[in-house]
Amino acid sequence: MLDKIDKKLVFGCIKGKKRSQEKLYKLFYSYALSVCLAYSKDRNEACEILNEGFFKVFTKIKSYDSKSSFKTWLRRIMVNTAIDYYRSNQKYTFNTSVEKAEFEVYDFDVVDQLTVDEILSMLRRLPDHHRVAFNLYEIEGYSHSEISEMLNIPIGTCRSNLARAKQSLRKMVMENYSISYEKAV
């Protein structure tokens, strides 16, 4: 749902007015960047995704339905742009079976004390295929079959990538916060 200012901006963008596009970009820059940062290795990569995403926003803004949330529509474009970026830069296909992924259960309170920056830092250290699977499943709420279709990988690979992402994140937390295995289980 848009307020009067946002409606004017969107209408100006539909008409191709550069000033409206600039205002919309500035208004939603931080929000869009935060979405892109979750899918990227670093800020430079996030900015590439962001700029490509805003290009799509401005070229597809006529398809936006003003009855729905603009932020939600923008987020969907940024996430899809990040997925496209990942697919276009994917050099290898990782087809590890889900049966080979290790599953361990940890229970420790330090996770509740992590800052957003610390979590993003750990996510950025994950391999691309793990980070994307984690974000799509845990943050965006997609099912394994939906992710499998989006990334054009087998469902087992999707599950494995998610399991390995979680395993890597657990290991990073344990290493960075001096948690022993005995305390973690």
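The secondary structure of the protein chain comprises nine helices and zero strands, where helices are DSSP runs of H or I with at least four residues and strands are runs of E with at least two, numbered from the N terminus. Along the sequence, the elements accordingly follow the pattern α-α-α-α-α-α-α-α-α. The model is a predicted one, in which local features need pLDDT of at least 70 and side-chain atom pairs count only at pLDDT 80 or more, whereas totals for chains, interfaces and linings use all residues. Residues are numbered from 1 along each chain as its sequence is written, and side-chain values use heavy atoms, with hydrogens and water left out.

Of the 185 residues in the protein chain, 42% are buried, a class defined by a relative accessible area under 20%, with exposed residues over 50% and partly exposed ones in between (1.4 Å probe, protein chains only). The accessible surface of the chain comes to about 11,000 Å², of which carbon and sulfur atoms contribute 51%; these areas come from the Shrake-Rupley method with a 1.4 Å probe, and for residues only the protein chains shown count as cover. Among the contacts (heavy atoms within 4.5 Å) with a separation of 6 or more, 68% are accounted for by residues 24 or more positions apart.

Helix α8, spanning residues 155-176, has 22 residues and reaches 31 Å from its first C-alpha to its last, close to the 32 Å expected at 1.5 Å a residue, the expected span being 1.5 Å times one less than the number of residues. The buried residues of α8 include Leu162, Ala163, Ala165, Leu169, Met172 and Val173, together with the polar residues Thr157, Ser160 and Asn161.

Seven aromatic pairs are found in a search of the whole structure, a pair being two rings of Phe, Tyr or Trp (its six-membered ring) whose centres lie within 6.5 Å, with planes under 30 degrees apart counted as stacked, over 60 as edge-to-face and the rest as tilted. Tyr25, Tyr29, Phe54 and Phe58 form one aromatic cluster.

The side chains of Lys41 and Asp128 meet in a salt bridge of 3.8 Å, N to O, which links distant parts of the chain, with Lys41 in the loop between α2 (18-37) and α3 (43-60) and Asp128 in helix α6 (residues 128-139), 87 residues apart. Both residues are partly exposed, Lys41 with a relative accessible area of 41% and Asp128 with 23%. Asp128 also meets Arg131 in a salt bridge of 2.6 Å; these two residues both lie in helix α6, three residues apart, or about one turn of the helix, and Arg131 is buried at 1% relative accessible area. Lys41, Glu45, Asp128 and Arg131 are linked in a network of salt bridges. A further salt bridge joins Lys166 and Glu138 at 2.8 Å, N to O, and connects helix α8 with helix α6 across 28 residues.

Key
Salt bridge = Lys/Arg side-chain N within 4 Å of Asp/Glu carboxyl O.
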